[in-house]
Amino acid sequence: MSMKDVYIVDGKRTPQAKAGLDLKDVQAPYLGAYLVKHLIDNTEIPTDMVDEVIFGNTGTPAKYPNVGRVIALEAGLHKKTSGYSVHRNCASGMEAVSQAYLKIASGRSDIIVAGGVESMSQMPLMYNKEMTDLFAKLMKAKSVTEKLSAMSSFRPNFLTPIIAIEQGLTDPFCGLNMGQTAELLARELKITREMQDTYANNSHAKAVAATKSGRFKDEILPITIGGSLNKLLVDDVGPRENSTVEGLGKMKPYFDKKSGTVTVGNSCPITDGGSALLFASEEAVKKYNLKPIAKLVDYHFHGLEPERMGMGPLLAMDGVMRRTKLSLSDFDLFELNEAFAAQILAVSIALKDKEVAARFNVDIAWGELDWSRVNVNGGGIALGHPVGSTGSRLIVSLIHELKKRKGRYGLASLCIGGGQGGAVVVENLIR
Amino acid sequence: MSYHKISFEVKEKIAYVGFGLNNTRSMNTLDIATMTELASIVEELHTKSSDLTGVIFFSHKENCFLAGADITLIASLTTESEAADKSEQGQNIFNRIEDLPIPTIACVDGVCLGGGLELSLSCKTILASNSSKTQLGLPEVKLGIIPGFGGTYRLPRKIGLPNALDMILTGKTLRADKAKKVGLVTEVYPKENLLAMAPKFFNRKNPSHSLKESMKELATENFVTRKIIFQKVRESVLKKTNGFYQAPLKILDVMDSGMMKGRTSYLAGEAQAFGELAISEQSKNLQHIYFMSEGVKKYSGPKSTKALPVLERGAALGAGTMGGGIAWLMADAGMHPIMKDLTVEALNLGLKQSSSNFAGALKRKKISPDEFERRQRSITAQLDYSGFQKVDLLIEAVVENMDIKKKVFAEAEKNVHRDCLLTSNTSSLSVEEMSKALEFPQRFAGLHFFNPVHLMPLVEIIVHSKVDPETVEALYKWVLRVKKTPVVVKDGPGFLVNRILMPYLNEAGFLLEEGVSLKDLDQAALNFGMPMGPGRLLDEVGIDVAVKVAKVMYEGLGERAHPSKFSSKLAEKNFLGKKNAKGFYLYDEKGKVIGPNTELDDLLPKERKKMSETEIQMRLFLPMINEAAAILKDGIVQTASEVDLGLIFGIGFPPFRGGLLRYADSEGLDKILAALQNFSSTVDKERYNPSQYLIDLVENKTNFYEKAK
């Protein structure tokens, strides 16, 4: 089957804020709906001509089991617009984008909005199994004695809640917390505490500079916040101007408290945010006189052992470069998620070290990463990692920065909890 | 007998009585023909009652059970006895329904008001549909009358005295769920199931009261507490209406004195009160307003020849109090508006305004928390023109400066599609002049809202020489759609309302300078029925704004609009009114009046002048009448009722007076003219110089309303 070109008309994201801060009251759909509305309003596309709205989300709020469809409606799109949600952990937003790509490339659809949203502030506390069982018994109990007997089985520890977010960040297969997988890579590849802290500090410095110089203006759309919804949030809440390597060095290791090197400071914070991109076929571009920023060239997802999930980007980048016949030096820009400083540093080592690459069944050394082209405006450590959104947020940031730099190819990649990696290649059209 | 207005059939021993048969209008009313048929049907029911298991009243009309008596019929009543007689006829029919020995059920879907609810109350059971259109109430008080078909007798017996008084005295309507809660309605069903469920209630005993209800009944249904309730309610009515309105007090008299009476003698009192009120001047004035408001619903401006532009998406330029209010209005109407301003701080002000409007609706349970979030979030606050190509109606509310506004329009026009309507919320600048900034002025007009947008119903649509009729008609229909009252006016200084308001505010300054106290001044206006005196109103408007507008008027109208210097003196001292908490009065953080601003005393003459209340009122209102005459002469609007509607809905001119010009007509224009001439020689030649239009009316022995017919 011959594939058609897939255009990225535009992409926008919310300002990102650490969980519990400025975006804490914004429910997940509202992190995406206004972006979608803006993307469509800014074109000649009528609100009833969008084929599909696809959103990545991992927290799946109980009130919004299908957040994608809710976003389509809240954005003011026609009721007939199909909408659904996808889940691929940290790459949910990228999964949404890849589905948009396939549907347009195959000729099934002409206009799709895809992205991701995550309100980590609003992830719930849940009853544990004992309490849930007790509720079930109570529901079944018919007589008073049955009810009393059920009640008598209650113990105070039944009320110990399960913290959804904590459970979500622990691998169900290998039992390691995400931070512990980063510790493992740091140990195996001898990535020191200082290397990690220096990397993290650099991420903050770049993000602060970008915010100050207005570099994010084209990609961030201010969002209405506050309990009474009466003010705008314009910038990211996260990048720290006063960050120093020394300061970061004083923080205690969080995941291996006795001998570890991974701290809260050199990891990405839990964050709220959303992002969305408008995709169109060549026909739609002509019909609605669209001025796309970029083309989506291809994507690749790849699995690996869950306990070394941080190495996912190696395999995903390897895969997508083989598909597109491009190599590291062809890319003018990279957006690589910084889940942990140790994790992204590990990927860079494996890219250039054939022996390390071989451990993950990659048979070539792709070469040295040019750090001057990686996360030029800071990454997840400073900006945060709203899990469902980051996969598409990276692409939003990538296309706008590529456009500013008049570069050609850009690559976005991230590691995925559970042991996967994802990567997307775009080609800038405004050069 | 055959029926044309009401269907009547018996199926399986159940009699079905259906209103709205062959009705082509949107509402069913109890007009004479319907009442006659109803009387005859009720007699037939009595005759056949032994063969029937029950009677069901329903409506053939969607969304309307019965909207009440025919108001044109009430308006045609001229004598007390004739009116009382009409009331008795209705009471008799409804008594006969109440006396039917078989079960009677009213199945209410849609509007059930006034006589419609009174009919339902005479049935043993009321069932209602859960449609959002279903509402039940007795709004007669709003027309200055008492429910005259037994409503004041039966409602307290159905839902208890406190709830009944609340409904009857405020005229408010209840949705089905609320009506069930107070016990007015027995059960609520989807409208499709209403008729099928009704027979299940034929033999149902009323459920026994809960302990709480019994306690409540014990507390309210005895002689002593009822007396106390009436006394309290009377006090609160007097406080709310300042004693200006007769109807609520009369209703209280009837209900209070009828407390221990039987049906016949109670209803005689109700009918007599109806007779008195229905032909009273006050009720006629309120009826006049009702008919004017109904008249407005039909567009009568310049005829359109092309299809009207569709106004789906909106935008507000400028995010101040007005911009925020306009964005709120658009968001509430589902227009997903864009609100644009130059800074994030300004946008936050606008968001604050719309948020507080929606929060009010949330507090009054008009919207749910989800709807609050959805509607407030449907406003996109932004600094650029992105997305404007989807906008169909743009309303500009930036600073009152012709050059800036022209620049804004020239820029905005480049960012919207060809059919987008561009409008200005200017309160004083020339719309004709502004239209020159546009490449396509035919789609431009003034669209003047009054502050605060969510409370003031009036919107002036200001036309100019190049405007398309389609633009005017589309705006007119849009204003109605967002539940406001439109009036089409020609361009001119202050348009309609502010031009008439100007002398009211201006004379206040002159009176203060003459030595009249602020207290006497504001009190005289309040005692006339104005919602606030000129001092308070100036504080609301903003004294600096008033000074600016006064200047525009002076430039446009000449010496008769010579501004008093008093306001500019205040503005110089930075007494700007409510917005900086200091004007004629002092304000607390919440904007509540603390007391008069004593610093003003230095600006006032040492010697105080005691002027009679009537004289102050004449000084304030005569120049308004005079200016209204000038407005009709200039053809700013065509009719007296447009002037009156504008003042009632724009500045809250007392409704019980029926409007400024209706008031003038009722006082006698010869008297008005003589008083003007008197002031013209004793106070100021220019300001009280009678308009030629008024002189002509007096010479031709006609009046404002006669002339404009």
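Two exercises on this predicted model follow, each with a worked solution.

**Exercise 1.** Determine which residues of H28(B) are buried, which are exposed, and how the buried ones are arranged around the helix axis.

*Solution.* 
1. Begin with the extent of the helix: H28 covers residues 669-682 of chain B, which makes 14 residues. From its first C-alpha to its last it reaches 20 Å, close to the 20 Å expected at 1.5 Å a residue.
2. Apply the cut-off for burial, namely 20 or more other C-beta atoms within 10 Å of a residue's own. Leu669(B), Ile672(B), Leu673(B), Leu676(B) and Phe679(B) are buried in H28(B).
3. Look down the axis of H28(B): the buried residues lie within an arc of 125 degrees, and therefore line one face of the helix.
4. Turn to the other side of H28(B), where Lys671(B), Ser681(B) and Thr682(B) are exposed.
5. Finally, identify the cover over the buried residues of H28(B), which includes helices H25 (613-634), H27 (660-667) and H29 (692-699) of chain B.

**Exercise 2.** Describe the order of the eight strands in the open sheet of chain B, and locate helix H19 of chain B relative to strands of chain B.

*Solution.* 
1. Write down the order, E13-E12-E11-E14-E15-E16-E17-E18 (chain B), with mixed pairing.
2. Find the edges: strand E13 (380-382) and strand E18 (485-490) of chain B each pair on one side only.
3. Examine one pair: E16 (residues 444-449) and E17 (residues 458-463) of chain B are antiparallel, over four bridges. Leu447(B) has Ile461(B) in E17(B) as its bridge partner.
4. Place the helix: H19 (residues 469-481) of chain B lies across E14, E15, E16, E17 and E18 of chain B, running at about 175 degrees to E17(B).

Conventions:
Residues numbered from 1 in each chain as written. Chains lettered and ligands numbered in written order. Predicted model: local features only at pLDDT ≥ 70, side-chain atom pairs only at ≥ 80, totals over all residues. Helix = DSSP H or I, 4+ residues; strand = E, 2+ residues; numbered from the N terminus. Expected span 1.5 Å × (residues − 1). Buried ≥ 20, exposed ≤ 12 C-beta atoms within 10 Å, placed from the backbone. Arc of directions from axis to C-beta. Contact = placed C-beta atoms within 7 Å. Pairing = 2+ DSSP bridges. Axes fitted to C-alpha atoms, helices over the stretch in contact; angles between N-to-C directions.
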